[in-house]
Amino acid sequence: MSRPDVPQGDLLERSRALLIRTMTFYRDDPRTSAWLRGRLERLDQPLRIAVSGRVKSGKSTLINALVGQRLAPTDAEESTQVNTFYQYGPEPRITVHTPHGAVQNVPVTTLDTNTIRDLQRWRPDEVSRLVIEAPAPGLQAITLLETPGVSSSAMQDTGRSALAQILSEADALLYLTRYPQQTDVQFLQSVHELQLARRAPINTIITFSRADEMGNGGSGAVAAAERIALRFRDDPAVRSFTQYSIPVIGLLGQAAATFTEADLAALINLRQLPEKALETLLLSSDRFSNNPTPESVPPSVRQDLMDRFGRFGLAQAFTALAEGITDQKRLSATLLEASRLNDLQEAVHQQFIERQDVLRARSVLLAVDMVLRANPRPGVQQLRGEFERLLSNAPEWEEMRLLSALQSGQLSFPRPLQNEARRLLGAQGQDAASRLGQEPDTLESILAEEAGAALARWRDQAVNPLHDRAHLEAVRVVLRSCERLIASRVH
């Protein structure tokens, strides 16, 4: 006999139903109904994550690192003028979309960065978006949307903003910054100005994408970046819309993800130089690239290594080689770990992929809200009422916010309570058995007993005088989750 569980999936289905009713309500408005239909079709597509930030914050490099393939062009000058979607496809394919709705396929057999770079430099009033399809495993679960840089010339020339693109096109946001500035805070606050965004803001991860450049760029750069990231995360102005602020070395992550046997051979030959000579070469890019020894590694190869790994990455590679790590896969994994890309990928998985139904519901409700605000008409009050009820009666929002805070370390309990809180909030599965730490075939009577015991434990925590306000509010969220578990058993 089937049993009722906590209705986590209901939010997405109720949001989908509201979207369909809104689309029907505006069926005499072709432009609005078509826009809403696109939002409905997105529910069956991979989760969309916008990658945004100021100009030259490392967006393209980080996209390549996440995908595991060099697709996005990386240049010394600003190159991205149009929104570029990187999504999975069985064969390489490039599609150009114009602002007037025309679609053109660009004939390609392989994806090279030069072709993509040339297309990205078209004016946004000529090309509204590029869609790059690649058979890359890193794109099977997500689609990455690279926006022009915040406050870039592309934005200023057309009057369009990265904010508008993120709100209308993406389910989540990966925001990159080299060093936190007021511009970053203002942009992130603007993304969360709408009522829905304030009520359900947890769709943002902040990344310090060039952590190796912090401080003097030496061996302590990453540690300095971690300290800055924690301070930035705990800033009240930032804490309201994200719990994740992660230092990453995007350049090294990209190099590790695309590491080749030729790279390994060149690094091994260079490692044969005396220790002091190698340290001297790494003092500057010019010294490293122009040194004539050993002759087995020509200047062009040295320059390519410096461009792709950076000084920090090369130092990490030489240290690993000195420790006896000479296998290509092992060295690639070591460099990937040093880049902190694994930390970011874990955060993306926990924050975005595991909670994608909640994020999709958020995007649907945001689309409905935008339409109701932009195109009010008689009879819209009923849709607005349904929207408000969904917004105020969805426990998923508060569970997601608290789970993110617990997972990121922004909030913590003693370990046993921490583990139980995460489990009760759905970190190990959304069904009742998973939340209560039981096997899938556990009897209803046992589930009810376990839910009652959990409720009693967390009621004790609600009167614990040692908890501050933030922890007491967290306890209340967990209590409400326990109460819903019991209510579903009674039902």
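Strands β2 (83-88), β3 (93-97), β4 (103-106), β5 (129-134) and β6 (142-146) are among what covers the buried residues of helix α4. This is a predicted model, so local features here need pLDDT of at least 70 and side-chain atom pairs count only at pLDDT 80 or more, while totals for chains, interfaces and linings use all residues. Residues are numbered from 1 along each chain as its sequence is written, and side-chain values use heavy atoms, with hydrogens and water left out. Helices (H or I, at least four residues) and strands (E, at least two) are DSSP runs, numbered from the N terminus.

**Helix α4**

- The buried residues of α4 (residues 113-120) are Ile 116, Arg 117, Leu 119 and Gln 120; buried means under 20% relative accessible area, exposed over 50%, and partly exposed in between, with a 1.4 Å probe and protein chains only.
- Looking down the axis of α4, those buried residues fall within an arc of 165°, so they line one face of the helix. The arc is taken from the directions from the helix axis to the C-beta atoms.
- At the start of α4, a side-chain oxygen of Asp 112 comes to within 3.1 Å of the backbone nitrogen of Asn 114. A polar contact is a pair of N or O atoms within 3.5 Å; within protein, one must be able to donate a hydrogen and the other to accept it, and residues adjacent in sequence count only if both atoms are side-chain atoms.

**Helix α12**

- In α12 (residues 261-271), Asp 263, Leu 264, Ala 266, Leu 267, Leu 270 and Arg 271 are buried. They span an arc of only 165° around the axis, which puts them on the same side of α12.
- Glu 261 and Ala 262, on the other side of α12, are exposed.
- The cover over the buried residues of α12 includes α13 (275-281), α14 (285-290), α15 (299-322) and α16 (328-339).

**Helix packing: α3 and α17**

- Helix α3 packs against α17 (residues 341-353) at an angle of about 75°, with the axes 11 Å apart. Those axes are lines fitted to C-alpha atoms, for helices over the stretch in contact, and angles run from 0 to 180 degrees between N-to-C directions.
- That makes α3 roughly perpendicular to α17; the cut-offs are under 35 degrees for roughly parallel, over 145 for roughly antiparallel, 65 to 115 for roughly perpendicular, and oblique for the rest.
- Leu 62, Ala 65 and Leu 66 in α3 meet Leu 341, Leu 344 and Gln 345 in α17, where contact means heavy atoms within 4.5 Å.

**Aromatic pairs**

- Searching the whole structure turns up five aromatic pairs. Rings of Phe, Tyr and Trp (its six-membered ring) pair if their centres lie within 6.5 Å; planes under 30 degrees apart count as stacked, over 60 as edge-to-face and the rest as tilted.
- One of them joins Phe 25 and Tyr 26, with ring centres 5.2 Å apart and planes at 80°, so the pair is edge-to-face. Phe 25 is partly exposed at 24% relative accessible area, whereas Tyr 26 is buried at 0%.
- Phe 259 and Phe 309 also make an edge-to-face pair, 6.1 Å centre to centre with 80° between the planes. Phe 259 sits in the loop between α11 (250-257) and α12 and Phe 309 in helix α15, so the pair ties together parts that are 50 residues apart in sequence.
- Phe 259 is buried at 8% relative accessibility, and Phe 309 is buried at 1%.

**The loop between β1 and α3**

- Ser 57 lies in the loop between β1 (47-53) and α3 (59-67) and is buried, with a relative accessible area of 2%.
- A polar atom of the Ser 57 side chain lies 2.8 Å from the backbone oxygen of Arg 54.
- Setting aside neighbours within four places in sequence, Ser 57 is in contact with Leu 176, Thr 177, Arg 178, Ser 209 and Arg 210.
- Lys 56, in that loop between β1 and α3, has a positive phi near 65° and is partly exposed at 31% relative accessibility.

**Other backbone details**

- Most residues other than glycine have a negative phi, and most peptide bonds are trans.
- Arg 340, in the loop between α16 and α17, has a positive phi near 70°.
- The peptide bond from Thr 293 to Pro 294 is cis, with omega near -10°; Pro 294 is in the loop between α14 and α15.
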